[in-house]
Amino acid sequence: MNHKSKPRKIQSTIMAAFSIMSASIMLVLGIVMYLRFSVASKHDIIQSTKKLMEQTGENLEDYLVSMRQISDAVYYNVIKENDFSSQDKDIQKGMNLLYEANSRNLRSIAVYNHYGSLIAAEPVALQKEDPDVTRQDWYQKAFKEVENMHFSTPHIQNLFDDHTHRYYWVISLSRVVELTDHGIPMNGVLLVDMDYAGISRMMKKINAINNGQYYYLCDSNGQIIYHNRQIQISNGIAYENSIQTAKYKDGVYEDLFRGEKRKVIVNTISYTGWKLVGIIPYATFNQGMYDIRYFIVILILLMAMMLVVINRVISVRISSPILKLNESVTEYEAGEKPEIYIGGSQEIRYLGYSIQRSYEQIDELMHKIVLEQTERRKSELDALQSQINPHFLYNALDSITWMIEGERNDDAVFMISELAKLFRISLSKGRTIINIKDELQHAKSYMNIQKVRYKNSFSITFDVEQEVYACCTVKLVLQPILENAINYGMEGMDDCGEIKVTGTLKDGNVTLSVADNGVGMSEEEVSLVLTDSNRIHKHGSGVGLVNVNNRIQILFGKEYGLLVESEPDEGTTVSVRIPAVPYTEENRKKLEMGHVFSREEISDNKAQHL
């Protein structure tokens, strides 16, 4: 496992978490800001439109009020005060004065009787031949609602001949008035034609801003009074939802006209029922948001760059103590003994203290376990070695006694000398590990004693490579094998038994083999030799091969030990396989302390002792 990748992953995770959180916040903030600005922008556009329409409405009202005032002045100050039969000059003079005073906004002032005949006009002009005014809309409306003043839609002034042959667009203000002719009162109609150009100028002024929104003027029935596309509408090229809009009261409305979503603002002009209408397509709102979008995008980008730096600083600050803690732990696991890093936030410091205490406790426990294991291994080895049956010693001493009594002094001296060598090596100053040379000497002394006891009924040969002598072994591994070879293999051989001890070194391992040409064993018996420690031994020390195998594996590991090969009537070969550890005082102490040598250590030791 790559320990260094974990803190990097933590740092990346922290930075990714902060980045995702920051991106989410910025996204939400950007959306909220955009919506807020969008709402504010819509509100501002609507409010500015309403304000502009209110100002325009006031101007139109002022214009229309002035027309009403002219009409009132003509009626109350001129017509009502005079008799048309005798004071026609005074009436003409009064109308002329009023016309001249307001000529900028007036085209004509005319008075018609209830038959539709012209009885006075200003400026003085010839009426066209037989214009039937009684059929005209302004005249009919006046008599239909005699108490009101009536404003017409724009039309070309068609009552009088103009020597310039020019035609003017006018809006007619008509009302029923009381006329006096020869002292007889009668009803007539007062017509004031206003110059449409004044209204057109005001409407063109507010339509001058080409941002998609526009304004138009219609009457209470939806008839267009002014529209910036009035000609196209009259020709059926363009369309306007004026009839529906005329039904609206003053206010702001949502409108969907010919697939276009828009805001409609309605403002009613007093005295007339006219509707000043402002149209704001939603595209105008979006157009107004372009700059805000750029501003929000630039703001979010700047915030993103700042947050990346901040996230980096925060993630490094959080992960840096974890990195240092991980590095110290990794060094500790690699076998070094560094100080566990303790720093950073309170939680990480507490974690460092906990890891340090844990490692100290682990070291202490490992030390105790090593000591306990070493003592246990020593105890097991001592217990296994102590299983040697003293029966062999009794027999050897009996043989020496018989030799002395039979005056075989040389044989007795030889037996005592071999017995002394055997016990010197057996004791080995309490050591468990000896070199193979001493182990072979112990085996030779043992076999010399046994040959005397068995009156040379078998032969023994040793064929051991020179390199094997200087390697380590557990003491007393060959003697129990040789004892079994004598007691089980040589039984009934009648002076033809042969035992051969060989030793080889190959691939870093030492193999010591004891082969006999005895009766051998069946396959079932071979399988029980190293597994059944409760077998009843017919002869010998009783230590058994299980004992030897256990001793080897305790010190050298489970991959080493004994290998038994046998066939009935063919003989038996027992091989001891141990690592080729050069015999030195240091290596001996390591093995007795429970150290298990690796192949690399064996190779290094072998190279040093060549």
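**Helix packing and some backbone details**

Mentor: Start with helix 10, residues 409–427. Helix 10 packs against helix 11 at an angle of about 145°, with the two axes 9 Å apart. One caution: this is a predicted model.

Trainee: Why quote an angle and a distance?
Mentor: Those two numbers, the angle between the axes and the distance between them, are how a pair of packed helices is described.

Trainee: Left-handed or right-handed, the crossing of helix 10 and helix 11?
Mentor: Helix 10 crosses helix 11 in a left-handed way. On the helix 10 side, the contact includes Phe414, Met415, Leu419 and Leu422. Helix 11 brings residues including His442, Tyr446, Ile449 and Val452.

Trainee: How many nonpolar, polar and charged residues are in that contact of helix 10 with helix 11?
Mentor: Eight are nonpolar, five polar and four charged.

Trainee: What about helix 11 and helix 12? What is their angle?
Mentor: Helix 11 covers residues 436–453 and helix 12 covers residues 478–489. They pack at about 30°, and their axes are 9 Å apart. Helix 11 and helix 12 are therefore roughly parallel to each other.

Trainee: What's the cut-off for that?
Mentor: Angles under 35 degrees count as roughly parallel.

Trainee: And which hand is the crossing of helix 11 and helix 12?
Mentor: Right-handed.

Trainee: Which residues of helix 11 and helix 12 meet there?
Mentor: From helix 11, Glu439, Leu440, His442, Ala443, Tyr446, Met447 and Gln450. From helix 12, Leu478, Gln479, Leu482, Glu483 and Ile486. By class, this contact has seven nonpolar, three polar and two charged residues. Note that His442 and Tyr446 are listed in the contact with helix 10 and in the contact with helix 12.

Trainee: New topic. Which peptide bond is cis?
Mentor: The one from Glu122 to Pro123, with omega near 0°. Pro123 sits in the loop between strand 2 (118–122) and helix 3 (137–144). For background, most peptide bonds are trans, and most residues other than glycine have a negative phi.

Trainee: Is Leu476 buried or exposed?
Mentor: Buried, because its relative accessible area is 4% and the limit for buried is under 20%.

Trainee: What is phi at Arg258?
Mentor: Near 55°, also a positive value in a residue other than glycine. Arg258 is in the loop between strand 9 (251–257) and strand 10 (260–268). Arg258 counts as exposed because its relative accessibility is 60%.

Trainee: Now the start of the chain. Where is Ala16?
Mentor: In helix 1, which spans residues 5–79. Ala16 is partly exposed, at 36% relative accessibility. The C-alpha of Ala16 is 9.8 Å from the C-alpha of Arg312, although the two residues are 296 residues apart along the chain.

Trainee: Zoom out for me. How many helices and strands does the chain have?
Mentor: There are 16 helices and 18 strands. Of the 610 residues, 42% count as buried.

Notes:
Residues are numbered from 1 along each chain as its sequence is written. This is a predicted model: local features need pLDDT of at least 70, side-chain atom pairs count only at pLDDT 80 or more; totals for chains, interfaces and linings use all residues. Side-chain values use heavy atoms; hydrogens and water are left out. Helices (H or I, at least four residues) and strands (E, at least two) are DSSP runs, numbered from the N terminus. Buried means under 20% relative accessible area, exposed over 50%, partly exposed in between (1.4 Å probe, protein chains only). Axes are lines fitted to C-alpha atoms, for helices over the stretch in contact, and angles run from 0 to 180 degrees between N-to-C directions. Angles under 35 degrees count as roughly parallel, over 145 as roughly antiparallel, 65 to 115 as roughly perpendicular and the rest as oblique. A crossing is left-handed if the near helix is turned anticlockwise from the far one by less than a right angle, and right-handed if clockwise. Contact means heavy atoms within 4.5 Å. Ala, Val, Leu, Ile, Met, Phe, Trp, Tyr, Cys and Pro count as nonpolar, Asp, Glu, Lys and Arg as charged, and the others, Gly among them, as polar.
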